[in-house]
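Here is a short briefing on one protein model.

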Amino acid sequence: QPAARQQADARVCTGMHKRLLNLLAFLRPDPASAICAPRCTESVLSASADGFSCGDRIRWVIANLGLPEAEACDQVGLEFLAVCGPCRPSAPAPSAIVPTGTFVAPPGGRSAGYCRSAGRSKYETAAWLGTRKGCEAECFARSACLAYEWGSAGGYTRCELHSEPVTHVAPAPGGGVHCLARTTATAPATPPSPAATATAVATTAA
């Protein structure tokens with residue numbers, strides 16, 4: 001009996017020791033093993049984002065919200081885009097980002113309600129985006145995203161990234177839901193050069 005009890009206590013102590021080592025490794029990770037995208041260097045991870053480093057915020061999200069590393073990196077990267085943005089695994093290379101257009105109310109002029117398309121709506125739910133600003137930024141970063149729907153009620157949030165043109169907005173009972181469509185800004189037409197205008201006039205006169 002005493003021997004069996006000692007063996008059981010030893011196993012418990014060993015298990016607790018292993019868990020403690022794992023916890024310490026998590027709280028103080030090896031600086032050489034950067035998390036998130038390759039562009040998320042140690043300088044980015046250690047950069048301060050509103051009082052806490054990007055790395056600390058990412059590890060907090062993983063530990064407390066239970067999100068996988070990639071989703072945690074995306075969430076923190078969007079919420080603190082100017083500082084932690086490079087930590088987003090899905091973030092395109094800076095040279096590939098070509099911001100175009102803005103977001104306006106869909107046809108009909110009303111944004112309050114659900115996004116609806118002519119056929120079956122195609123969208124992706126980004127549950128890990130906890131702010132409307134983050135939802136809009138994610139849609140803006142995706143060339144295929146034509147509209148986004150954001151809802152917030154009772155602490156629950158929802159972000160939908162739509163890849164089909166939105167034709168109208170359906171009423172949302174209780175409110176709290178908004179749909180905004182992307183509109184691409186078109187560059188003004190380049191006026192013809194004086195030489196080209198003179199050639200056109202001469203041709204017409206002839």
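Which residue takes a positive phi just after H3? Glycine 66 does, at about 70 degrees. The model is predicted: local features need pLDDT of at least 70, side-chain atom pairs count only at pLDDT 80 or more, and totals for chains, interfaces and linings use all residues. Residues are numbered from 1 along each chain as its sequence is written, and side-chain values use heavy atoms, with hydrogens and water left out.

**Overall make-up**

- The protein has seven helices and nine strands. Helices (H or I, at least four residues) and strands (E, at least two) are DSSP runs, numbered from the N terminus.
- Of its 206 residues, 29% count as buried. Buried means under 20% relative accessible area, exposed over 50%, and partly exposed in between (1.4 Å probe, protein chains only).
- The protein exposes about 12,900 Å², and carbon and sulfur atoms supply 60% of that area. Areas come from the Shrake-Rupley method with a 1.4 Å probe; for residues, only the protein chains shown count as cover.
- Among contacts with a separation of 6 or more, 65% link residues 24 or more positions apart. Contact means heavy atoms within 4.5 Å.

**The five-stranded sheet**

- Five strands form an open sheet in the order E3-E9-E6-E7-E5, with antiparallel pairing. Two strands pair if DSSP finds at least two bridges between them.
- Strand E3 (102–104) and E5 are the edges; each has a single partner strand, so one side of each lacks a neighbour in the sheet.
- Neighbouring strands are turned by 25 degrees against each other on average, direction ignored. Axes are lines fitted to C-alpha atoms, for helices over the stretch in contact, and angles run from 0 to 180 degrees between N-to-C directions.
- Seven bridges join E6 (residues 147–153) to E7 in the antiparallel sense. Three bridges pair E5 (residues 123–125) with E7 (residues 156–162), also antiparallel.
- Histidine 162 in E7 stands opposite tyrosine 123 and opposite alanine 147.
- The hairpin of E6 and E7 has two residues between its strands; there, glycine 154 takes a positive phi near 60 degrees.

**Helices H6 and H3**

- Helix H6 (residues 132–141) lies across E3, E6, E7 and strand E9 (177–183). H6 runs at about 165 degrees to E6.
- Helix H3 (residues 54–65) has twelve residues and should span 16 Å at 1.5 Å a residue; its end C-alpha atoms are 16 Å apart, which agrees. The expected span is 1.5 Å times one less than the number of residues.
- The buried residues of H3 are Cys54, Gly55, Arg57, Ile58, Arg59 and Val61.

- Tyrosine 148 lies in strand E6. Its relative accessibility is 1%, so tyrosine 148 counts as buried.
- Tyrosine 148 touches residues including Phe103, Cys115, Cys135 and Leu180. Cysteine 135 is 13 residues away in sequence and 7.2 Å away in space, C-alpha to C-alpha.
- The side chains of tyrosine 148 and glutamate 136 make a polar contact (2.6 Å). A polar contact is a pair of N or O atoms within 3.5 Å; within protein, one must be able to donate a hydrogen and the other to accept it, and residues adjacent in sequence count only if both atoms are side-chain atoms.
- Glutamate 149 also sits in strand E6. Glutamate 149 is buried, with a relative accessible area of 4%.
- A polar side-chain atom of glutamate 149 lies 2.8 Å from the backbone nitrogen of cysteine 115.

How values were computed. Lists of a residue's contacts leave out its neighbours within four places in sequence.
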